[in-house]
Amino acid sequence: MDYLSFGERCDKSPAPECLLYEESRRLLEACLRNRDLSVVELRKVNFTNHKTGAVTAVDAIIVDCVDGTYPSRNEVGIKPRERLALTYKPGDGLPYEVWALRRGFPDTLHQNYVAPRHPPSLCLYFEMWQTVERTWTPEKHLQRVLWWLRETANGTLHRGDQPLEQFYFVSEFEVVLPHDFIEKSTDRTLSLHLEAVFHEHDKFKVIRAGFVPRDKAPVRQALSVDFLAVTVPPVGHSRVEKFPNTLGELENQFERRGSSFVGALTQTLLDRYPEDGLIPERRRTLLVLSIPRLRDGGDEVEQTEVRGLLLEEDITSIGLKAGLLVSSPDNGRVYKDTLRFLSQEAPKGDSDDWRDIAVAQPIDIKIAVTKQDARRASGVPDEGSDFHGVLAGVGALGSVLADLWSRAGWGSWTYVDDDILKPHNVIRHTGKAQHVGYYKANVVSTGVGLNYSDGIESAKGLPGKITDADKPEIRDAVSTAKLLVDATTTLHAPRDLASQDSTPRSASVFLTPSGKSSVMLLEDKDRSTRLSHLEAQYYRAILNDYWGAEHLSGHYGGLIVGGGCRDVSAVISNELIQLHGATLARQLRTLSAQQNAQIRTWQLDDSTGALSFAEVPVQTPLVRERLGWNIVFDEGLQAKFFAERERHLPKETGGVLLGYFDQKLKSIFIVDALMAPPDSQADVTGFTRGKQGLREQLDECARRTAHVVGYIGEWHSHPPGSSAQSSPMDVELLAHLALKMTLDGLPALMLIVGEGEIEVSLGEVQ
Amino acid sequence: MHQVIFYPVGNGDTSQIILENGKRILFDFRHKKKTEEGEGPEINLKDRLKAELKAAGKTSFDVVAFTHCDKDHIENSVEFFELEHAEKYKGNGRIKIDTLWVPAAVILETAPNCDQSEEYVIWRQEARHRLKQGKGIRVFSKPKMLKDWLEKNGLTVESRKHLITDAGDLAPEFTLEADGVEFFCHSPFIKHVDDHDEFRNEASLIFNVRFRSGGSEFDYLAVGDSSWSILEDIVRTTKFHGKDDRLAWDLYNIPHHCSYLALSDDKGEQETIPKPLVEELLRKGKEGAYLVSSSWPILDTKEGREQTQPPHIQAQKCYETYLDQVGGARFLVTMEEPNANKPEPIIFKVESSGISLDKKVLSAAAIITSTPAPRAG
């Protein structure tokens, strides 16, 4: 057997003392105990760090491995006995490496990239060493080595469901290309400017690339390079290739895989080369290879790997060496043809000189992400994601939603907010201290713009109130939007928006004052149930559902600035904003794809971190117009009235109506009805509402709803067979109520439940 | 896929070839009585073979070959197999032998009386019976003494020719085409049967077993007990007949429990130096080849180096030296695999992609949990 030389034999081999490290000695012990291994000798190998030039001595245990578990004449070419060097090197990265010393050890999948003249190195672990070391023992390491040999020999190391192994090893550098690189790659007037992102002094890893006109001088330290984007014919699954040193080596690699790049290169070069020629320059060329990859046995492209090589020569030189271009003796320009000058042989395209063009540097290619990429990575479907939306209110919650949706590639948004970022806002806002003083709308649009490279995120900031109908840009934004999300944490904005037919489908999201709960109200697609209707139904749920008792508690905190029940200028950590923001963002994104309206709320159990969920069934709204007022209730409440009447028949019954007035909208929202107090008097002809416990009930109603919902009128039922028309007695009652209500400047509401019908009357003192 | 199985029976021999078509050829039989009481470390061969046959749905071996009739190759066999020459050896779950293979010496009274164990005599009776019946037997080589014996028993050579195979010929029971295997007889050959009646080992069966699987062929050198001089004769004769390929091996069942005497007459201090033609045979090993020593574990200690009885560590080192030179895989000892405490049969798989060991790779936990744990106090 012929073995590669690797390191120097230790003088005292095989004495364990000649190993430098305790770890190596433990590995040696394990080797000696393993019956499938025989220790040949101990060596030292010097590794040179390419960057620093420092030399590190490494222990190497040379072993012969035979466990006999794979066929002796396997096609892969792993011999039943293989000589390996097991090295231990302290420091960063994987300390334990395994090198195959037999000359002619096959190129297989799952080998590590090695420096020139090093033996092949087995890629044993898929995870990082920091993960591996938690379960690593020398014995398991040796089993892993035997496993690698066995699985590789049997051709089963790479499972069918594993992703294809990449064609090239990862390069030391990567270039981030513009997202529209592929489309623009055929543009002859452009060159790429490469700008390295320096960490310290001259160290860098990432180079950012941007298109500029070819005749434009590079800015600052940027490097101007030519570029060629070449798509090669598909390549099957293979071991990872070493980066080539010349274009000739590159072509050989592709030929071995039944592919070729030179044809594609020729075509691209001719396509891209300007008709009026170029002056040769001392510049390099970035060759971007798109390599379609096939899984073995298939002819379907599974993925396309994009790799880059920085070539030492410019595009004219490459063309000349490929015999594609010809240099004019008159002006030194290099042309595709001889049309512009005489007495020169036309290029024949048959030169082989291109094979010697040196590769200066292999470069990993990353393409700047687009919104499609973001969607794919986030599991967001493309369908329904390209729409214009308006996000009203980009405070703490709104700014979080804006950022989440931007990064998910969902929608293209206009942010409307008239507020300016204050120092204390930064605690719970995506804006930074440097943004203090700017409009939140602009802070957020700038912020999400930075999520992508230039020109991808189209979000716009519009300083102003969402309800400001005088501002044409706001009006336009609202009227062209497909979805409006209200995160203003106000009562008025959603109500006002709901009242207008020009408003798109809308949602309102907010956190409760404690920050423990969040709420989402979402209109149906047809807007038959609007935010204002949903709001009233939400309050009814607060009054009746178990979760409502403390839902809005904390409303009277010490830091009240605004005073609305959804005010978030309270003691709420950014954790809660992020937590509920994420829930709301995701829920709204998925639910807005559906037809129906939603009322949902999430409560945090702070001791466990669990979020519990409650859904309020949405009822169809019922609206009556009386005396210029819209009186709003819904089928759910209607059913409750009917049931209550039924329960007391043949007697009448009744109680107090709960709800609120909106003077601006001239609307009365009936939220709920209290049942007859125990001291009420009811018979088959009439009903007198008592008062026992009523005060407490109204107090509780105010407490639960942050003083939004209160007394708005009275209701009673009529006996069997009776309509809901007011009796003379009822008219008197209404007059009485109207007189009282006028103290508050409000009309009085009376609701009568008759046989299969409900009648509402409004009394106002003129 | 064909299989070649070596059973751990101490310093003794039992191996089996199981062909892809299900046919089974057993070489030698050594069963230790103590293993019936659960004593080891040798395997309880009877139980093992019966279980294997049962699993395969068979009640007989296609061939049982006794390479020679030393005790360590036939021990307790007459109570395991069904013998046709006497009623008392029939039935009762005994395992049938479709065809019995023996060297001519077994038919003849060539061994000194003191070596003629009771079992040896019984097998001679059986072989003679089958030969007289003219079926269920193959005799290898036909020395003059065999012809004499046939005539004495009123038979002609002509009438029994189809039951006799000479060295240099193939046993007709199997062909590469039909069975994926052929047995080329190296030994015994006339010279030795006639000249050295007292050395039964030298008259033992030696085959080149050639397997075919897919497009690949593999050579297994199956040697019963033998000595260096016999091997040199074989190499010389085989080369003389231009059949060098029959000397090559992917698998070599090394003779006589790794005795140095199969290499040379001089054990050597650290490593035996093989005689020139034996060395030539060792160099015929192919890349990735295996060596199997059917023996006790081989000790690389002072005691091991000095012990008279095989296995001899000096011999092992010699074999390993040449195995290394030919790029071979591994030297295995039947009583060491997978460990010396509870050895298990070594099973080679022979398939087109090569030879490999059929062994389970188990984690420590899997091993511990595969048996009851020791009693806790």
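What follows is a chat about a predicted model with chains A and B.

Biologist: Before we start, what should I know about how this thing is labelled?
Modeller: Chains get letters from A and ligands get numbers from 1, in the order they are written, while residues count from 1 along each chain as its sequence is written. It's a predicted model, so to speak of local features we need pLDDT of at least 70, side-chain atom pairs count only at pLDDT 80 or more, and totals for chains, interfaces and linings use all residues.

Biologist: And what is pLDDT?
Modeller: It's the predictor's confidence in each residue, from 0 to 100. Chain B averages 89, and 90% of its residues score at least 70.

Biologist: Where does pLDDT stay under 50 in chain B?
Modeller: Over residues 197-201, for which the model has 13 contacts beyond four places in sequence. A contact here means two C-beta atoms, placed from the backbone, within 7 Å. Where pLDDT is low, the predicted coordinates should not be read in detail.

Biologist: What about the complex, what ipTM does the predictor give?
Modeller: An ipTM of 0.85, with a pTM of 0.63.

Biologist: How many residues of chain A are in contact with chain B?
Modeller: 13 of them, and they meet 13 residues of chain B. Chain A's side has five nonpolar, four polar and four charged residues. Nonpolar is Ala, Val, Leu, Ile, Met, Phe, Trp, Tyr, Cys and Pro; charged is Asp, Glu, Lys and Arg; the others, Gly among them, are polar.

Biologist: OK, chain A by itself. What's in it?
Modeller: 17 helices and 33 strands. Those are DSSP runs numbered from the N terminus: H or I of at least four residues for helices, E of at least two for strands. Of its 766 residues, 41% are buried.

Biologist: Why is A:A408 called partly exposed?
Modeller: Because it has 19 other C-beta atoms within 10 Å. Buried needs 20 or more, exposed is 12 or fewer, and partly exposed is in between, with C-beta atoms placed from the backbone.

Biologist: Where is A:A408 found?
Modeller: In the loop between α9 (396-407) and β18 (412-417) of chain A. Leaving out residues up to four places away in sequence, A:A408 touches A:A374, A:R375, A:S378 and A:V380. A:V380 is 28 residues from A:A408 in sequence, yet their C-alpha atoms are 6.9 Å apart.

Biologist: New topic: how do helices α12 and α13 of chain A cross?
Modeller: At roughly 130°, with the axes of α12 (residues 492-499) and α13 (residues 531-544) coming within 7 Å. That makes α12(A) oblique to α13(A). Under 35 degrees is roughly parallel, over 145 roughly antiparallel, 65 to 115 roughly perpendicular, and the rest oblique. Axes are lines fitted to C-alpha atoms, for helices over the stretch in contact, and angles run from 0 to 180 degrees between N-to-C directions.

Biologist: Which residues meet there?
Modeller: From α12(A), A:P494, A:R495, A:L497, A:A498 and A:S499; from α13(A), A:L531, A:S532 and A:E535.

Biologist: Back to chain B. What's the strand order in the six-strand open sheet?
Modeller: β8-β9-β10-β11-β12-β13, with mixed pairing. Strands pair if DSSP finds at least two bridges between them. The edges are β8 (181-187) and β13 (330-333), each pairing on one side only.

Biologist: How do β9 and β10 of chain B pair, parallel or antiparallel?
Modeller: Antiparallel, over eight bridges between residues 206-213 and 216-223. B:I206 stands opposite B:V223 in β10(B).
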